[in-house]
Amino acid sequence: MISWIRLKWDTLSYNFSWDQFTWYLNGNVAKAARFVPIVGYLVIFNDYVTDQITFQNLTNEVQSTLFLDPDVRLRLIFFGFLFLAAANALYFLMRPYTIKIGESSEEFSEYYLNQVPSHVFLRLHQEIRQEEHWTPDGKYFDDDWNLFWREAQWPFSGQNQLEKHSKLSDLNGYDRVDYEQAKNRHKSVLLSILRETYFRESRKRRPQLVLVIALATFGYAMLLVPSIDLTGRVIQLTILG
């Protein structure tokens, strides 16, 4: 039993990253909650809105609650969305740069392959080699990287500016090599670098992630209680009349 618990904990710890909670912290409900601070006072203080949210039409204008006071339900809805809005705002402020670029490894990799210059890949490669790798993608061969880097730095003249005095300054069989061609030829090693980087960086700032998840959970719980109350009341009226 202890071994099973330890295994589950290690699995959770290994995979606990920002991209695993994007749906929870930046889904449609969380995005809609952004507007609550703007229109919240209308919901709380406007009589027409209050009447609509008591759902009297849905329950044939009889008692529309099962165990909640209508005003309490209204405030739970408001503050539930308020907590979600706060969690969503903190998600945007605190998330790692990898999540800002792409909320999935595929989005991040596509952006970097299409947008960044070669020296950015060099920096990512150096970071992987300086730190412990986290995934099998971090085990790519240095020879594959070195060949990409030489080709990526090769201008149209055929002279490698970084290795002018090197015995390896010639790439046999190449009439012309540029950065785009180098990326296409060595896309597999670049994807390995990007996936490893995304996984490593998305696991950072975990205390902030716990805080944001906690705020969002409070918000969803506050929204769930009125939903259960209304659903229970509708079922009660349907069955008992």
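**Helix α8 and its cover**

A: What covers the buried residues of α8 includes α7 (97-101), α9 (118-130), α11 (179-185) and α12 (187-202). Helices here are DSSP runs of H or I with at least four residues, strands runs of E with at least two, numbered from the N terminus; buried means under 20% relative accessible area and exposed over 50%, with a 1.4 Å probe and protein chains only. This is a predicted model, where local features need pLDDT of at least 70 and side-chain atom pairs pLDDT 80 or more, while totals for chains, interfaces and linings use all residues. Residues are numbered from 1 along each chain as its sequence is written, and side-chain values use heavy atoms, without hydrogens and water.

Q: Which residues of α8 are buried?
A: Ser105, Phe108, Ser109, Tyr112 and Leu113.

Q: Switching to Lys183: buried or exposed?
A: Buried, because its relative accessibility is 6%. Lys183 is part of helix α11.

Q: What does its side chain reach?
A: The backbone oxygen of Leu113, at 2.5 Å. Leaving out residues up to four places away in sequence, Lys183 touches Leu113, Asn114, Phe148 and Leu190, a contact being heavy atoms within 4.5 Å.

Q: How many helices and strands does the chain have?
A: 13 helices and zero strands. Of its 241 residues, 38% are buried.

Technical notes: A polar contact is a pair of N or O atoms within 3.5 Å; within protein, one must be able to donate a hydrogen and the other to accept it, and residues adjacent in sequence count only if both atoms are side-chain atoms.
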